[in-house]
Amino acid sequence: MAIGSKRLVVGAHYGLGNWLAQRISALLIAAYFVFLLIALLVTRSASYEGWAGLFSNLWMKVITLVALFALFYHAWVGVRDIWMDYVKPTGVRLGLQVLTVLWLLFCAVWAVQILWRV
Amino acid sequence: MSSPLTSSKRPEFRNIHVTQIVGYRLPPSGLVSIMHRMSGALLFLLLPWILWLFDLSLISEVSFAHLARYASHWLVKLGLLAVIWAFLHHLVAGLRYLLLDLHIGVEKEAARRSAFAVYLISLPLTLLAALRLFGAV
């Protein structure tokens, strides 16, 4: 779909922003899993007590939520790339992108609820 | 004689479409690349399931025990294994991309070796998880 005589609506910003965000969020997620692995080894939380005890700390909730938000953003950039590569009709692509955003927002709200119920 | 107007259409190279993946003989780095995408898509699709499992593990001692029972079913174990494989492949291949971004190992031979290294790390770890899940270790 063309807007004016030159511009094409493709859904990309042609910029460094998403490229950089994808890499920074990747590092955050990887670092979180290293941290979680160490935390589990140190606290030996194979039981419910230990596992839920770990997540009952406010710092653990905050760190986990930051990592999950990084993950949801990472997923958005990645899935959007998939839609842009394979789905050519602008309307269908836009619809799928909107659904992706809504779905990830739903997951983000759910993640908050899961963490703050412990 | 061919003028610019009558010359044949120039070849156009697009992204490989999902339906064409099987027909392509990809080099190891290409295989890592498409599997990076597929593993990412799988993790995205299974996100609600993973969150639900995480929720069950935290709500209460009862739900934790319920999760343990649920996860003892072979089909659930297979699903967990898929998540573990996708995560490991996506993680290791992603680290390779970060190194490539830093211009480390961009030469043809080095990139080929690091693509093999991705499988050499992610597949044995997946196998270990499989043995653990299905009770062999």
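Colleague: Which residues of H1(B) are buried?

Modeller: This is a predicted model, so let us read burial from the neighbours around each C-beta atom: a residue is buried if 20 or more other C-beta atoms lie within 10 Å of its own. In H1(B), the buried residues are Val32(B), Met35(B), His36(B), Ser39(B), Gly40(B), Leu43(B) and Phe44(B).

Colleague: What covers the buried residues of H1(B)?

Modeller: The cover includes H2, H4 and H5 of chain B, together with H3 of chain A.

Colleague: And how does the span of helix H1 of chain B agree with 1.5 Å a residue?

Modeller: The general idea is to multiply 1.5 Å by one less than the number of residues. Helix H1 of chain B covers residues 28–45, and its 18 residues should span 26 Å; the end C-alpha atoms are 25 Å apart, which agrees.

Colleague: Which residues are buried in H4(A)?

Modeller: Leu104(A), Ala111(A), Ile114(A) and Leu115(A) are buried there. The buried residues of H4(A) pack against H2 and H3 of chain A, together with helix H2 (47–59) of chain B.

Colleague: Is Val98(A) buried or exposed?

Modeller: Val98(A) also lies in helix H4 of chain A. Residues with 12 or fewer neighbours count as exposed, and Val98(A) is exposed because 10 other C-beta atoms are within 10 Å. Val98(A) and Leu58(A) are 40 residues apart in sequence, and their C-alpha atoms are 32 Å apart in space.

Colleague: Now for pairs of helices. At what angle do the axes of H3(A) and H4(A) cross?

Modeller: The angle is taken between N-to-C directions, and angles over 145 degrees count as roughly antiparallel. The axes of H3(A) and H4(A) come within 10 Å and cross at roughly 170°. H3(A) is therefore roughly antiparallel to H4(A). In the contact, residues of H3(A) including Leu65(A), Phe69(A), Phe72(A) and Trp76(A) meet residues of H4(A), among them Leu96(A), Val101(A) and Leu104(A). The residues of this contact divide into 17 nonpolar, 3 polar and 3 charged.

Colleague: How does the reading go for H4(B) and H5(B), and at what angle do their axes cross?

Modeller: The axes of H4(B), residues 74–101, and H5(B), residues 108–133, come within 9 Å and cross at roughly 155°. That angle makes H4(B) roughly antiparallel to H5(B). The crossing of H4(B) and H5(B) is right-handed. Residues of H4(B) such as Leu81(B), Ile84(B), Trp85(B) and Leu88(B) meet residues of H5(B) including Val118(B), Ile121(B), Leu125(B) and Thr126(B). By class, this contact has 13 nonpolar, 4 polar and 2 charged residues.

Colleague: Which residues does Thr126(B) touch, not counting residues up to four places away in sequence?

Modeller: Thr126(B) touches Ile84(B), Trp85(B) and Leu88(B). Thr126(B) is found in helix H5 of chain B, and it is partly exposed, with 19 other C-beta atoms within 10 Å. The C-alpha atoms of Thr126(B) and Val32(B) are separated by 16 Å, although the two residues are 94 apart along the chain.

Colleague: What is phi of His103(B)?

Modeller: Most residues other than glycine have a negative phi, and most peptide bonds are trans. Phi of His103(B) is near 65°, a positive value in a residue other than glycine. His103(B) lies in the loop between H4 and H5 of chain B, and with 8 C-beta neighbours inside 10 Å it counts as exposed.

Colleague: Finally, how many residues does the contact take from chain A and from chain B?

Modeller: The contact takes 19 residues from chain A and 21 residues from chain B. On the side of chain A that touches chain B, H1, H2, H3 and H4 of chain A each give two or more residues. H3(A) gives the most, with 6 residues. By class, that side of chain A has 15 nonpolar, 1 polar and 3 charged residues.

Methods:
Residues numbered from 1 in each chain as written. Chains lettered and ligands numbered in written order. Predicted model: local features only at pLDDT ≥ 70, side-chain atom pairs only at ≥ 80, totals over all residues. Contact = placed C-beta atoms within 7 Å. Helix = DSSP H or I, 4+ residues; strand = E, 2+ residues; numbered from the N terminus. Nonpolar A, V, L, I, M, F, W, Y, C, P; charged D, E, K, R; others polar. Axes fitted to C-alpha atoms, helices over the stretch in contact; angles between N-to-C directions. Parallel < 35°, antiparallel > 145°, perpendicular 65-115°, else oblique. Left-handed = near helix turned anticlockwise from the far one by under 90°.
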